Every structure is written in C-alpha cells, then in structure tokens.
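Hi,

Here is the structure I said I'd pass on.

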Amino acid sequence: MNSIKLKRQYLNAQKHFDKAQYHDVLAILNRLLDVQKDPRHYALLGATLVKLKMKAEAAQAFQLAGEQNSPHRIKYLREAMRLHLSNGDDISLLRLGKRILNEALADPDMALMMSAALMRQNLEGTEAFRKTLGESTERPHRQLAVRSIKLQDRSDEENQFILDVFAKDRDDKIVRNFYLSVIRDSLNYEVLAEYEPILKQEIAAGDFEAILDEVSLYNIRWCDDEKANSMAGAGRGERKPWHGPAKRLSMPHKWGDKLRIGYLSADLWTEHAVMKAFRGVLEAHDKDRFEITIFCNADPEHLRDHNKANRDEWGKIVRIRDMTDDEAADAVKAENIDILVDLHGHTAENRVWVMNRFTAPVHATWLGYPGTVCNVDIDYLICDHTVVPETSIANYYEKLCWMPETFFPNDAIHRPLPRSIDRAVCKMPKDAFIFSCFHSHWKFTRATVDLWIRILTEAPESYLFLICRERFGARKNLLKAFTDAGISADRILFGDRVHDYAAYIDRVALTDLGLDTYPYNGHTTTSEKLWAGLPMLTHKGVNFASRVSESLLNALGLPEMIADDADDYVRRAVHYYNNRGELAQIRKRLEANRFTHPLFDAERFCRHLETAYTMMADRAKAKLPPDHFDVPVLSPRNGPFISHEA
C-alpha cells in the first residue's frame, strides 16, 4: 500500500470517526497498522476506543502512539497517562511517567497525574512534583500540591510551601483548609480570628465546599458541629461501596466455634497512646471463646525502639505495612475473620480503605478516632451514650454499639502509680496552686485559651502548666495570647514532652487541677491525669470529641468535675482554687476510685466488648442487617479489681 493510499485510508477512517461509525474506524485502522505503525494511526485508535468505552485499551493505544517518533509524542503520552488515571491503573501510569520523568517533572498536568497516583498508592515521591504544581496558574494543580503534604509530619519547608501557595489565591477554599490547619498548629490566633467566622458563616449557610475536602481529623480539631464533622473529608479518598453490608452478609462464610476478631491498626506498640488504653483489653480476651488476629501496619522502627511487650501474646500478628490495600484485604480474608475492627478511622497511618474490599461479614470502628468515618464500609461504631447520644444518630454513617459504662478502655496493670517527688525537679513553684493541661498543643483553641485567661484572672496567684512545642512559633503565639490579656508570662509554665512514662506520671501528679480542652477533649491524657490522681475539669460538649472526658469522668465516679457549660467550667475552676480542702477530698476519692470503678477495669471492659462482638455476630449469622444496640451491663463489682500496689 503506497503512501497516497495510506493517507486516503487514514482520512477515510477519520470521516467514519466523525460520523460515530467506530467499528468501521477499527476495521480500517486494523489494516493500516498491519502496514505502517504511524503514531497518528495509534492516536486515532485510542480516540476510537475511548468512544467505545474501552479506556484500558485506549490508554495502550495512546502509549504506543507516544512511543513513535512524532512532534505530538508528549501529547499522546499525556493522554495515555490520563486514561490510566481514570481507569485507576496507577501502576501503569507510574511506569509510563518514570520513562518520561523529566517531562513529567516540568509539565503541571503530568505532575498532577503522577502525584495523584503516588498518593492513591501511598507511595513516596510526590515532593518531586510539588514545585511545578505549586507554581501553576491552575487551581487543581495547586490544590493537589498541598494535598500531597502529610500535615502531621510536615517539615518547615512544607509548612512554608502551604503558606506561599495560599498567598497566591486567598479565595481558594481547598488550599485555605490546609493554610488554616498549619495556622492552628502554630496557634496564630490573630489569623484565626479573621477566618474562623467566615468558616462558620459558610457552614451556617449550607456551603460545605471547603468542609468536603478538609482532612477529617483536622476538622474535628476546631469544629464542634456534628453535621459538618460527618461531611468533612467526604470529597477525599475512595468511595465506599453503597451495597457493602448487604453484599458482605450474602457472601459465603464459615463460622467457627470461636469468634475470629481482627484488629486493624498501625499503633500496636506499647508506648503508643492507643496501646496505653488497649493493651489490657488485648491481654484480657477470653482465648477459649475468641481468636485474635492483629493486622499490623506499624512502622518497624516503632516496634524496635518503643515496644516492651511480646506481641505474640496478644494474638496472631499479620504484617500488612508493605501490602497494597487489595493485598491486605486478601490477608484478612485468608484468616477467615468474622469481625474486622478498625482502630484508626481517619488518623495518621490508617488503612481504613482495606475495609472497602469486603473483608469480613462484620466491620466495626472503635477507639482511635472520635467520630463517624466517612467513605468507609463500616457497620458499627463502638461508643457510649455520652459521646454519641441517640439525638446524634442522624450524623453517623454507622450503626451505634453503645457500651454500658464508657467506650474508652484503660489498662491498670502496666501503668506505674506516681511517685512522690519535689516540684523543684520540674521547675514548679513549691507552694503555688497550679492548673495544668498536658494535651497536645493543637488542642489549645482560642475558645479554650480564653477560658484559661478568665480562670487565671479570677485566681490571681495561680499558675498554668502546659506542654507546647516551640515549633512554627506556637509557644511564642500562645504566650502572646496570655500576655495580651494581662496575664504575666511568669505565670505560664512550659514543659517539654517526657518520654519516660513513669516520670511523666510523676509530673502530672505534682499539679493541683487539670483543665480540659474544647472541642477536642483529652482521651489518653485525660485518663493519665486521672490515673495520676489529678482531679480534672471538663465541660459538656456537643459532638463526640468534646464529650470524651465527660464519659471518662462518669466512669470514674466524678460527675462534679463535669461543668454544664463554659461559664460553669470557669466558675468551678475558680471555686476549687478558693476551696482547696474540698479539692483535696475529691483527689482522695479519685485515688480510691481508680481501683473500684470501671474506667481502669480492663477485664470488665473486655467482657462488655466481647458481648458486643457476640451480638454483632449473632445478627450477621442470622443474615440480619446491622442495627443500633445497647450492650447489657455486668453486675457491679463488690470490691477493688486490682490491688493498690499494682
């Protein structure tokens, strides 16, 4: 076939394409490609296959077009990458991008696709494309540039990058989310005073554009609106299968004599805050009735340097850190798990997307994330009636499993009791009244700091001890908020984090009254204050994260430490400052209640949890869909569940 005839045939194929006669196009191109591997022929083949909804084959055709000598080579390869991305074929996209890496690094569209694929596969390397994306004039490019940054672990350079990208377009609500997240971490209350009213006005008006793309965990750090909490992050990540629970119930499953429970987490090493709560439950499981498998995503460095237990005693360990989500789901299925329990929600190092792959008849979430988990196929949220009352049901994707006393377990066996040490060791004034908060500094919202200012003003000879890293200017900004309000800098005592747990508990016990944060209460830190014998004050909240301390204080028999509202919180704090004998009596009762009340009774909590699992499994065995239920409470104990010397 001579060149003129080839050209006529190609033009004829184009005419058929314009008339949507796609099968005729394929017939002509099949003959042409047998004679000449022209890039235009492959490109037309790709376009035709797209029209026939054969996108995977179309991607290959455009890739072949780009592999030929052509002035449109990059255009063809860009289209191949776009099709790979839309097909979810990240591996093919990344392989192709690696072959033209120099071009991809300089081209914002290709940089976007490469970054998106790397992020979906949880792979490193997005930082290589960040500058190109950040300098683009297109919003989607800049948005993905900041999305590629892991906020919790960001460097100084990444922090500045977010600030710089936002400065280019202050009307971009998506980038604004990341900007305000770093501003909150730096405790820059002056900037927050400008923007948070805008956010609240948007929510009140039903404008959730920014919320839908916000990192879920960062939303609940500042927002106490349960509806907004439930929507935060809904525009990110995967979409859960709408028929998930029904499909899982209909799948063949062999139930055994024991219930097979799988725990999915990266926090399964003893020095992690979650394990301070969870370890006692793991060790208390009834091995005659329950078979425990841990699907561990933990960093090997944490396991090497920060774990003091023989983890094999907790159950079978299946390492999934180096697995894809599909591979991890296959690992769960291989263990024939009856109930898979996610311990992360939308927190760092999570693998929640594994649960969108039909891994077990029952999926549950618990402990690691104080809220509903959007976009994930989960049947049950394990909670209690304090953190999630029945009035909140409409704002939760999951059915609610209400534990009888508290949703939050604690371990009394592996926790040391505080030792008596001198305040001078921790640079605290010897005879002064010291309020304290040992929470992470990102919980220090302006609303919380304003309450502390009121307390310190009305308790003029008191001090406030805080943990606040000097990073991104956070400590400087926090101190400025106090001094601007007339509180002397000398009255704010800063401490650094103490990695020795016994020394940490000793220091907590040296202070007089713990103060909670709002809207994100203490969880592990509240428990640690109470274990150290420190009375801690909170006030009632209106969403999960702001009700946690109320749940823990009730489980320890200290309802008087739960204020009705913010004003009552200030009033009670000042009252105890002025009535130290009364506070001493509360402290004495607290110290006794640690060994008799449910909060630190891991064995009792485990029995309740096992009842919850059994009730979930019974519904699944009967092919009944998940539904809300209460776990019945055990009879009260007659005495201490552990000796005071433990």
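Predicted model: local features only at pLDDT ≥ 70, side-chain atom pairs only at ≥ 80, totals over all residues.

Let's start with the sheet: 6 strands make an open sheet with parallel pairing, in the order E10-E9-E8-E11-E12-E13. Strands here are DSSP runs of at least two residues (E) and helices of at least four (H or I), numbered from the N terminus; two strands pair if DSSP finds at least two bridges between them. E10 (492-495) and E13 (562-563) are the edge strands, each pairing on one side only. E8 (residues 434-437) pairs with E11 (residues 513-515) over 2 bridges in the parallel sense, and Ser436 stands opposite Gly514 in E11.

Residues are numbered from 1 along each chain as its sequence is written, and side-chain values use heavy atoms, leaving out hydrogens and water.

H23 (residues 501-509) and H24 (residues 524-531) have axes that come within 9 Å and cross at roughly 70° (axes are lines fitted to C-alpha atoms, for helices over the stretch in contact, with angles from 0 to 180 degrees between N-to-C directions). The two helices are therefore roughly perpendicular (65 to 115 degrees). Tyr501, Tyr504, Ile505 and Val508 in H23 meet Thr525, Glu528, Lys529 and Trp531 in H24, where contact means heavy atoms within 4.5 Å.

Finally, Trp366: leaving aside neighbours within four places in sequence, its contacts include Tyr263, Phe278, Phe407 and Tyr613.

Cheers

Definitions and conventions. Parallel < 35°, antiparallel > 145°, perpendicular 65-115°, else oblique.
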